[in-house]
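Please keep the structure open while you read, and find each residue as it is named.

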Amino acid sequence: MGVVRGLEALGPAELLHRLRARRSSADDSPVTHIERVEARAGRTVPWPEWVPRELRDAYGFEPWEHQATAASLAHGGRHVVLATGTASGKSLAYQTPALSRLLADPRATVLYLSPTKALAADQLRALVRLGLDGVRPATYDGDTPREEREWIRQHSRFVLTNPDMLHHALLPGHARWATFLRRLSYVVIDECHTYRGVFGSHVAHVLRRLRRLAALYGGTPTFVLASATSGDPADAASRLTGLPVTAVTEDASPRGAVTFALWEPPLLPHEDPDLPPTRRSALSETADLLTDAVVAGTRTLAFVRSRRGAEVVATMTRRSLDEAVPGLGERVAAYRAGYLKEDRRAIERALMSGELLALASTNALELGVDLVGLDAVLICGYPGTRASLWQQAGRAGRAGGEALAVLVARDDPLDTYLVHHPEALFGRPVEATVLDPANPYVLGPQLCCAAAEAPLRPADLALFGGEAAVDDLVRSGALRKRPSGWYWTHKGRPEVDLRGTGGAPVAVVESATGRLLGTVDQGSSHAMLHRGAVYLHQGATYLVDDLDLEEAVALVHAAEPDWSTHARDVTDVSVVSVREYVDAGPVGLFLGTVDVSSQVVSYQRRRIGTGEVLDTRPLDLPARELRTVAVWFTISPQELLRAGVEPADVPGALHAAEHAGIGLLPLIATCDRWDIGGLSTANHVDTQSPTVFVYDGHPGGAGFAERAYGTASAWLRATREAVASCGCETGCPSCVHSPKCGNGNNPLDKAKAIAVLDAVLAALPHQGS
Ligand SMILES: [Zn+2]
Ligand SMILES: [Zn+2]
């Protein structure tokens, strides 16, 4: 098995044919849809007049039209977001105005923000390669040695950092950055679509704090944002920065043709008729496809959602390749965050050169930007958004060449829906990035951070949207009001975690070594870190010995149990206030504030592989209270009867509709099903009706429930379709089962859930999505 034959010789259709040949009978093909994305020729334009000769020469080529358009807008002082596909050269669009300015004004500075260190390191290498005098680019993050920091503050004119560093170090120490901030000409926000939900809402305020302090020193930077393709990027970028932002979305870079196949692993034969049917796991299926792709001699990248999953796919693929051709397994590697930068680059180079034929990797952001032009990309499980799907698929295909992308569905409602509804993936705008800077649980702490950096003046309040919130902070004693403004008068700084709103995160510590493995936000800690829980970290498993809530520490030891653990909880929702509603006769749709009380009361241990319940063990944990935003619908008992749902079936019908609704919400908002919770009940004390609640799992809400309310008929229609089109009889993980159900997925009534959703949809007024 020697050379890379490549897809030129084989063609995507032939490769796909080979992939399916081994595993389908004529009438039961795993391929549910094939979409051909046509090639596109690139459009270059001459460099804009204002770009200095030195920079044009350093690049050595002409820009694509979208790069020039975005760059010229930024050069003219307009805040701009460039939202185009993978490998469309977004960096050139922000480098050009930023570097032109640095060359023209020897004192100007630029701040670059990226969500990952790997991406910042890529950018730094690209900047250094340009070899421009006097720019002195440098990364400034948690790894930067103390002795280098001072030099960077004084001398670097292009500082690459991340929002956490900005929040924890740069802004609080702004006095030392005074000169840099005064001269700040551009702020670049790369991969800005990753700032969503609670994290995005925090970052929005971090950026407002940056703007305020820059202004204090006399700096008025122009913001240039780069985004994956997303729905309404101008609106999301405006929410993020608090500034009017112009979007450039027309991609003028060349693209090879891609054949995109949707793939559903087969149902497994089940011995026990009482257990729900399950599909072959997406991991095993992906490993098989990767094996066949390598045997066919194509360079292939498999994206797997978890680190452990990536390792598993690589190991399975190596094993079966070695069985086929001894030694061939060596040409497959796993690739994930946590590897050293040098190792990652070495792996990427080996894949590009053909020395390696396949990689199993976690998400696209960790990969170097140069890693494109592969023969095939396998996507193991829907990555959560259409934006990331296209980003991952975008790694396949060279200009003028042909490539194959395959989405392998996991056994869950959203994946199942998508492989049977290709129209939801193709030829449809990608979802909007949702964030909500007005969340009081984000706004309050962020105002404290701002006040600690420099007293808040009345004029600042409009910037943060904090007119009302600041009075609450004075009343609670967090801030002190003086004639000149609002002051942080406490010792130390406010402790604010950008990724949560529920207090200090819980540290996971290995007892034997004292090593900190990671942190879990408080909201999830009861379910994930209770005594006896199996905790996963970078592919290794640990058992929790003790959870100390006061100290916010969980002690664990390494172990490899052959069971998994599943927490059970009891949840209660009470309505605090209704913000908006739709009165649709027997059906009501509401958006409002709720109090959620939930208590993890026990956990089940289940055997890995079979799902057999070994036992249920009690837990003694306090109830948790959460005030958040929810969307809910009610339906009258008479209407339920008319829809054929007898009183005895109501709990199972509503519960199944709730699960599927949560599973499908990521279709319309960039959330994860783990960001959301739900409750269904045949008679709720506040609504006096059968009710299904879906709420944001973060205090104060993160914008998800609000988005669900605004697109309710599209959301519930997709939910109904997902349940109805699932091939199982009585419900399975592909439709109404939930991996995070606090009730052990009981009761669930698939057929009656469809009847409920039909009745709700018939009553609700139609709206666009
Ligand atoms: Zn099903
Ligand atoms: Zn449930």
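A residue is called buried when its relative accessible area is under 20%. The model shown here is predicted, and a search of the whole structure finds 12 aromatic pairs in it. A pair of aromatic rings is described by the distance of the centres and the angle of the planes.

**The pair Trp177 and Phe180**
- The ring centres of Trp177 and Phe180 are 5.3 Å apart and their planes stand at 85°, so this pair is edge-to-face, a label used for planes over 60 degrees apart.
- Trp177 has a relative accessible area of 2% and is therefore buried, and Phe180, with a value of 3%, is buried as well.

**The pair Phe260 and Phe426**
- For Phe260 and Phe426 the ring centres lie 5.3 Å apart with the planes at 75°, so this pair is edge-to-face.
- Because Phe260 belongs to strand 9 (residues 257-263) while Phe426 sits in the loop between helix 16 (413-420) and helix 17 (440-453), the pair ties together parts that are 166 residues apart in sequence.
- Phe260 is buried, with a relative accessible area of 0%, and Phe426 is buried with a relative accessible area of 8%.

**An aromatic cluster**
- Four residues, namely Tyr581, Phe590, Trp632 and Phe693, form one aromatic cluster.

**Arginines over ring faces**
- Arg482 lies over the face of Tyr487, at a distance of 4.7 Å from the ring centre.
- Arg605 lies over the face of Trp563, and here the distance from the ring centre is 4.4 Å.

Note on methods:
Residues are numbered from 1 along each chain as its sequence is written. Chains are lettered from A and ligands numbered from 1 in the order in which they are written. This is a predicted model: local features need pLDDT of at least 70, side-chain atom pairs count only at pLDDT 80 or more; totals for chains, interfaces and linings use all residues. Side-chain values use heavy atoms; hydrogens and water are left out. Rings of Phe, Tyr and Trp (its six-membered ring) pair if their centres lie within 6.5 Å; planes under 30 degrees apart count as stacked, over 60 as edge-to-face and the rest as tilted. Buried means under 20% relative accessible area, exposed over 50%, partly exposed in between (1.4 Å probe, protein chains only). Helices (H or I, at least four residues) and strands (E, at least two) are DSSP runs, numbered from the N terminus. A charge sits over a ring if NZ of Lys or CZ of Arg is within 6 Å of the ring centre and within 35 degrees of the ring normal.
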